[in-house]
Amino acid sequence: GFLRRPRPDAPADKPATADSLAQGLTLVPIDGPAAAGRYGLGEAALGVLVTRVDPDAPLAQVLQPSDLIQGIDGSAVENRDDVIRALQGAGDHAIQFQRIEDGTPRVRIVQIEET
């Protein structure tokens with residue numbers, strides 16, 4: 001799937017900054033078996049768990065609660081700051097996350113493209 005992000009020079013209601021992309025997401029680091037177990041994830045799960053998504057969040061079309069963000073642009077993420085840092089740069093971004101579908105974890109990669 002694709003989510004179009006406005007170019008920094010394009011008129012928009014809100015600037016396309018990393019903070020605005022992460023806005024409306026509640027994120028929890030999953031940094032080992034104890035944290036993974038608290039959220040019903042497998043012991044080997046690592047990344048940043050999405051626990052809440054505001055319907056007006058810029059990434060609401062892409063992410064949903066219980067998605068485990070594992071990487072952005074090929075780099076692993078361990079906490080909310082990693083997510084924000086990875087989305088800071090202008091240009092396209094690829095978010096890799098795991099979503100449980102029919103009881104099976106599936107890895108998805110979604111491109112966020114500048115328009």
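Predicted model: local features only at pLDDT ≥ 70, side-chain atom pairs only at ≥ 80, totals over all residues.
Figure 1. The secondary structure comes to three helices and seven strands. The protein has 115 residues, of which 38% count as buried. Among contacts with a separation of 6 or more, 47% are made by residues 24 or more positions apart. The protein exposes about 6,600 Å², and carbon and sulfur atoms supply 47% of that area.

Figure 2. Strand β3 covers residues 47-53. Five of its seven residues are buried, so the strand is largely enclosed by the rest of the structure. Strand β2, formed by residues 25-30, pairs with β3 in the antiparallel sense over six bridges. Within this pairing, T26 stands opposite R52 of β3. Strand β3 is also joined to strand β4, residues 68-72, by two bridges, and these two strands run antiparallel. V48 has I69 of β4 as its bridge partner, and L49 stands opposite L68 of β4.

Figure 3. Four bridges join β4 to β6, and the two strands run antiparallel. Here the bridge partner of I69 is F97 of β6.

**Figure 4. The turn between β4 and β5.** Which residue in the turn of the β4 and β5 hairpin has a positive phi? The residue is D73; the hairpin has two residues between its strands, and the phi of D73 is about 55°. D73 is found in the loop between β4 and β5, the latter strand being residues 75-76. The positive phi occurs here in a residue other than glycine. With a relative accessible area of 38%, D73 is partly exposed.

**Figure 5. S66 in the loop between β3 and β4.** S66 lies in the loop that runs between β3 and β4. Its phi is near 85°, a positive value in a residue other than glycine. Is S66 buried or partly exposed? The relative accessible area of S66 is 39%, so the residue counts as partly exposed, because this class lies between the limits of 20% and 50%.

Figure 6. R99 lies in strand β6, which covers residues 93-101. Its relative accessibility is 9%, and R99 therefore counts as buried, since the limit for this class is under 20%. The side chains of R99 and D67 are joined by a polar contact of 2.8 Å. Leaving aside residues up to four places away in sequence, R99 touches V62, L63, Q64, D67, T104, P105, R106 and R108.

**Figure 7. The nonpolar cores.** In soluble globular proteins, nonpolar side chains tend to be buried together. The largest nonpolar core in this model has 19 residues. Those with the most contacts inside it are L27, L59, L63, I69, I72, V83 and I95. Strand β3 gives the most, with three residues. I72 touches V77, V83, A86, L87, A94 and I95, not counting residues up to four places away in sequence. Another core, of seven residues, lies apart from the largest one. Among the residues of this other core are A35, A36, A45 and L68.

How values were computed. Residues numbered from 1 in each chain as written. Heavy atoms only, no water. Buried < 20%, exposed > 50% of the residue type's maximum accessible area, 1.4 Å probe, protein only. Pairing = 2+ DSSP bridges. Polar contact = N/O pair within 3.5 Å; in protein donor to acceptor, adjacent residues only side chain to side chain. Contact = heavy atoms within 4.5 Å. Areas by Shrake-Rupley, 256 points an atom, 1.4 Å probe, with all protein chains shown as cover. Core = buried A, V, L, I, M, F, W, Y, C linked by side-chain atoms within 4.5 Å.
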